[in-house]
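Please keep the sequence and the structure in view while reading.

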Amino acid sequence: MVLDDGGEFSLIVVREGDLVFVYRNRCPHTGINLEWQPDRFFDLGGAFLQCATHGALFRLEDGYCVRGPCAGDSLESVSAWVIEGQVVVDA
Ligand code: FES
């Protein structure tokens, strides 16, 4: 959970070795959180982030929606790095 001037919001953080992908946990279709259970964001095949509400699929590498009611939109990315083994987020 992240706090800012407008309140609080959550992030999706996926780390693959030295790569880290961070998005605001907010579906571009309605603004709802994506997960279907706590910390469960991937589709059954494990290739895409999936919105639990209407099934939109998002590429992990850039958050682009490839299928669903918000196709062509993207998740809001957040800058992040892996530094000395720790994920550092510019939120
Ligand atoms: S709310 Fe995410 S696809 Fe509709």
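Which residue in β4 stands opposite Ile-12? The residue in that position is Tyr-23. The model examined here is a predicted one.

Strand β3 covers residues 11-16, and strand β4 covers residues 19-24. The two strands run antiparallel and are joined by six bridges. Within this pairing, Ile-12 faces Tyr-23.

Together, β3 and β4 form a hairpin, with two residues between the strands.

An open sheet is formed by three strands in the order β5-β6-β7, with antiparallel pairing. Strands β5 (48-50) and β7 (65-67) each have a single partner strand and therefore stand at the edges, so that one side of each is left without a neighbour in the sheet. From one strand to the next, the twist averages 40°.

Strand β6 consists of residues 57-59 and pairs with β7 over two bridges, in the antiparallel sense. Phe-58 has Cys-65, in β7, as its bridge partner.

**Two residues in the loop between β4 and β5**

His-29 lies in the loop between β4 and β5. Is His-29 exposed or only partly exposed? His-29 counts as partly exposed because it has 17 C-beta neighbours inside 10 Å, a number between the limit of 12 or fewer for an exposed residue and that of 20 or more for a buried one.

When neighbours within four places in sequence are left aside, His-29 is in contact with Cys-51, His-54, Ala-56, Pro-69 and Cys-70. By comparison, Ala-80 is 51 residues from His-29 in sequence, and their C-alpha atoms are 24 Å apart in space.

Asp-39 is also found in the loop between β4 and β5. The phi of Asp-39 is near 65°, a positive value in a residue other than glycine. Asp-39 counts as exposed because it has 7 C-beta neighbours inside 10 Å.

**Glu-84 in the loop between β8 and β9**

Where is Glu-84 placed? Glu-84 belongs to the loop between β8 (80-83) and β9 (86-89). Although Glu-84 is a residue other than glycine, its phi is positive, with a value near 50°. With 5 C-beta neighbours inside 10 Å, Glu-84 counts as exposed.

Key: Residues are numbered from 1 along each chain as its sequence is written. This is a predicted model: local features need pLDDT of at least 70, side-chain atom pairs count only at pLDDT 80 or more; totals for chains, interfaces and linings use all residues. Two strands pair if DSSP finds at least two bridges between them. Helices (H or I, at least four residues) and strands (E, at least two) are DSSP runs, numbered from the N terminus. Axes are lines fitted to C-alpha atoms, for helices over the stretch in contact, and angles run from 0 to 180 degrees between N-to-C directions. Two residues are in contact if their C-beta atoms, placed from the backbone, lie within 7 Å.
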